[in-house]
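Hi,

Here is the model I promised to pass on.

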Amino acid sequence: MAKIEINVRVNGVEHRAEVEPRLLLVHFLRESLRLTGTHIGCDTSHCGACTVVIDGRAVKSCTMFAAQVDGREILTVEGLERDGKLHPLQEGFFQEHGLQCGYCTPGMLMTGYAFLNGNTAPTEDEIRHAISGNLCRCTGYVNIVKAYQYAAARLREGGV
Amino acid sequence: MIPRGFEYFAPRALNEAVSLLQQLGPDAKILSGGQSLIPMMKLRLASPPYIVDINRIPDLNYVSEANGSLRIGALVRESDLEISPLVGSGYRLLADTTKVIADPLVRNQATVCGNLAHGDPANDHPATMLALEATIVAISPRGEREISIRDFFTGLFSTALQPDEILKEIRVPTPPPRSGGAYLKMERKVGDYATAGVAVQITLDEAGVCQRAGVGLTNVSFIPLKAAKVEDFLKGKPLDAAAIKQASEIAAAESQPMDDIRGSADYKRDLVRVLTARALKQAIDRAKGGA
Ligand SMILES: Cc1cc2nc3c(=O)[nH]c(=O)nc-3n(C[C@H](O)[C@H](O)[C@H](O)COP(=O)(O)OP(=O)(O)OC[C@H]3O[C@@H](n4cnc5c(N)ncnc54)[C@H](O)[C@@H]3O)c2cc1C
Ligand code: FES
Ligand code: FES
């Protein structure tokens, strides 16, 4: 099959690549760009471990072709840290013990990033709805909710 | 899981997409949200040789009211519908439905039009659009045509759309005063398809007598089901407790569920009964101006 050219900005860096149309975005990120922070959990569109933010919206990168992101802006977990400083969400996961094995964490962070961008004063209920597409088999979610609340508070104070 | 190879086209205009579909023939598949098509391609349940990605076509992402109906363009995502003030205030049945589809990440991609075009009786919008008496607008090399939702679903994963037709817009008639609707779905967990779901839309007159009733059922038949017997029963009746009870029993009898991993046919039939009664009560409350 003929390859197609895509131009995409990932974590602020422009990339130009030739891709097979059937290449999934998650494989493009992990294998072509070697950004392995984005995980593959289920590969069947159910777990959210592969969540990335495209033009401000959190989506499952295992359920999208790389060809679809031509001209678009992607943020992955590697792009959260700025100038050696953790994003308030990352700090929240660290402070509140929001992870155990860490497998779901990149997805949880990216969902949270898009969610808190639109709402820095969420209720617990809103947080639980927001993470309902991201499965965690370790934490029982309680500390993930706390991590989101920690980050929301930091963002309200004017953190990055 | 890696899909079979295919050729990819991303037209930048609607007329370009229409002529591409004509050139490529019936094996070409339209890609919108991709939340049903891509999982099927990964499992190799679908292996289209050509993909026509319509996501780059401008001016297809709108939710607006005109000429007595709500218009939902082909690229409106579930999450767009969820935050639309127009939908939230005037089309509660629609707002209820979009909120219980899949999960927030899927809803950021999945389109409302794709939800119907997929022709899956497990999807939630078909029952809702049947209850709302929606009209489908399709565009092809032969021009535009309107399809009544009653004639839209023709079989399991089949619709009245021809292979070269793009579902361009859904039109939902604006409900008259004293109307109310509700969608109730039983799911095993977030992101699961309905074990059963019930969509109800009613209009009352000043005395509380039912003028119009639309009822659709999710995932209890091979083809999305319009519960016509329930609708006929409700019309012209004051909707008291006895009428609600009887209507819910008719709905249960009208459903055609199968035993599967989500439950036995008997269980699902009883779910239809319970959900119909609850959805009707909520729709009546809303028609009377309540929450
Ligand atoms: C984990 C998960 C859970 C889900 N849970 C639910 C649920 O609970 N309820 C529910 O209703 N749905 C659910 N879905 C399905 C989801 O809502 C799909 O997105 C929807 O069924 C199809 O919409 P789409 O835009 O993604 O279409 P696509 O996947 O792009 O396309 C689906 C089919 O429709 C055709 N098509 C799409 N758009 C058009 C168009 N404009 N004109 C003509 N043909 C078109 C395509 O060619 C294809 O055959 C779930 C999906 C996932 C991945
Ligand atoms: S790997 Fe994408 S949803 Fe699980
Ligand atoms: S921390 Fe292990 S899956 Fe969430």
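This is a predicted model: local features need pLDDT of at least 70, side-chain atom pairs count only at pLDDT 80 or more; totals for chains, interfaces and linings use all residues.

Residues are numbered from 1 along each chain as its sequence is written, while chains are lettered from A and ligands numbered from 1 in the order in which they are written.

Chain B is assigned domain 1 (7–53), domain 2 (63–173) and domain 3 (179–287); such bounds come from an automatic or database domain assignment. Between the C-alpha centres of domain 1 and domain 3 of chain B there are 35 Å.

On to the interface: 22 residues of chain B contact 24 residues of chain A, a contact being two C-beta atoms, placed from the backbone, within 7 Å. The elements of chain B giving two or more residues to its side are S1 (7–9), H2 (37–42), S3 (50–53) and H6 (104–107). H6(B) gives the most, with three residues. (Helices are DSSP runs of H or I, at least four residues, and strands runs of E, at least two, numbered from the N terminus.)

Finally, A:Leu25 sits in helix H1 (residues 25–32) of chain A. Why does A:Leu25 count as buried? Because it has 25 C-beta neighbours inside 10 Å, and the cut-off for buried is 20 or more other C-beta atoms within 10 Å, with C-beta atoms placed from the backbone. Leaving out residues up to four places away in sequence, A:Leu25 touches A:Ser61, A:Met64, A:Phe65, A:Ala66 and A:Val69.

Cheers

How values were computed. A residue is buried if 20 or more other C-beta atoms lie within 10 Å of its own, exposed if 12 or fewer, and partly exposed in between; C-beta atoms are placed from the backbone.
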